[in-house]
Amino acid sequence: RTSCSRRPMSAECVHLHVHTDYSLLDGACRISSLAAQVKEGRMPAVACTDHGNMFGAVEFHEAMVKAGLNPVLGCEFYLANGSRLTRDPRDPHAQGFHLVLLARDEAGYANLCRLNSAAWLEGFYYKPRIDFELLSQCHEGLTALTACIGGEVPARLLEGDDRAAAAALRRYLELFGRERLYIELQDHGMAEEKAVNPKLVGLADEYGLGLVATNDAHYLRKEHAPAHDVLLCIGTGKTLGDANRMRFPGTEFYLKSPDEMAALFAERPDAL
């Protein structure tokens, strides 16, 4: 289990939710700069969890190894609400729930590749999607994190359907077991996170699951937020002056230092 823990002088942290510039027109963490910043922060490892693709896996692996770091290969998949073969525009979750999968070993990496290929070739509907059928066939060697508020469990909680959230969690638990499933906590100052985090902690305690505190890193430093906002405009065909455009709430979606993460989750050090 990769972990972060508070220490009197300096905290330790491993970021397990990171979007490189291979999360096209969404992520802005250039891999070479990511390696340098992780090393500068004295973090021993870092994950690559790009949105719905593994385009950067080889470059990421080589750069981290060259820097003396442990590369954790992963992907933030889009999990269809039902079958990956269904394309229903009436479904509010048609584009899929987020699910972070991390390779534990060579078998896990092979399964990431299988899932990624099937997502693009079979499940594409706005986004490359997998489904639970594929997941049940290709889960060996993988660790699952419940992801951001776009994940199935937090999304159901936000909808006020606690029963559906628990049912979804039990389904993941049956597949991955307690050693390979973690409830993910994030805090970017969003009201939605503040609403669901206590319930996520409650589910973790109820089902005996570990917590993992992550930051949804889309850029490397806080001062990069305005440039990232421009990137989003390019990706969505909007301008900065457009009132009704996609934007990130706040400037907290960067690769935070271990001490920043320890301070942010001081009330639940077991998640670090």
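## An exposed leucine and its patch

In this predicted model, L121 is exposed, with a relative accessible area of 74%. Helix α3 is where L121 is found.

L121 also belongs to a nonpolar patch on the surface, together with L24, L25, F55, W120, F124, V230, I234 and L240. The patch has about 920 Å² of accessible area in total. Two elements give two or more residues to this nonpolar patch: α3 (106-121) and α8 (225-236).

## The two sides of helix α2

Let's turn to helix α2, which spans residues 57-66 and has A57, F60, A63 and M64 as its buried residues. Viewed down the axis of α2, these buried residues fall within an arc of 140°, so they line one face of the helix. The general rule behind such a pattern is that an α-helix has 3.6 residues a turn, so residues three or four places apart point the same way.

What lies over the buried residues of α2? The cover includes α1 (31-40), β1 (45-48), β2 (70-79) and α3. On the face turned away from the buried side, α2 carries the exposed residues V58, E62 and K66. Just after α2 comes G68, which takes a positive phi of about 80°.

## A buried glutamine in a loop

Q186 sits in the loop between β6 (181-185) and α7 (191-207). Is Q186 buried or exposed? Its relative accessibility is 4%, so Q186 counts as buried.

The side chain of Q186 makes a polar contact with the side chain of H17, at 3.3 Å. Leaving aside neighbours within four places in sequence, the residues in contact with Q186 include C148, E193, N197, T214 and F265.

## Salt bridges

How many salt bridges does the structure hold? There are 14. One of them joins E40 and R221, with the closest N and O atoms 3.5 Å apart. E40 lies in helix α1 and R221 in the loop between β7 (210-213) and α8, so this pair ties together parts that are 181 residues apart in sequence. E40 is exposed, at 59% relative accessible area, while R221 is partly exposed, at 32%.

Another salt bridge links R245 with D229, and here the closest N and O atoms are 2.8 Å apart. R245 lies in the loop between α8 and α9 (258-264) and D229 in helix α8, so the pair ties together parts that are 16 residues apart in sequence. R245 counts as buried, at 10% relative accessibility.

Terms used: Residues are numbered from 1 along each chain as its sequence is written. This is a predicted model: local features need pLDDT of at least 70, side-chain atom pairs count only at pLDDT 80 or more; totals for chains, interfaces and linings use all residues. Side-chain values use heavy atoms; hydrogens and water are left out. Patches are made of residues with over 30% relative accessible area and no salt bridge: like charges are joined within 9 Å, nonpolar side chains (Val, Leu, Ile, Met, Phe, Trp, Tyr) within 5 Å. Accessible areas come from the Shrake-Rupley method with a 1.4 Å probe; for residues, only the protein chains shown count as cover. A salt bridge is a side-chain nitrogen of Lys or Arg within 4 Å of a carboxyl oxygen of Asp or Glu. Helices (H or I, at least four residues) and strands (E, at least two) are DSSP runs, numbered from the N terminus. Buried means under 20% relative accessible area, exposed over 50%, partly exposed in between (1.4 Å probe, protein chains only). The arc is that of the directions from the helix axis to the C-beta atoms. Contact means heavy atoms within 4.5 Å. A polar contact is a pair of N or O atoms within 3.5 Å; within protein, one must be able to donate a hydrogen and the other to accept it, and residues adjacent in sequence count only if both atoms are side-chain atoms.
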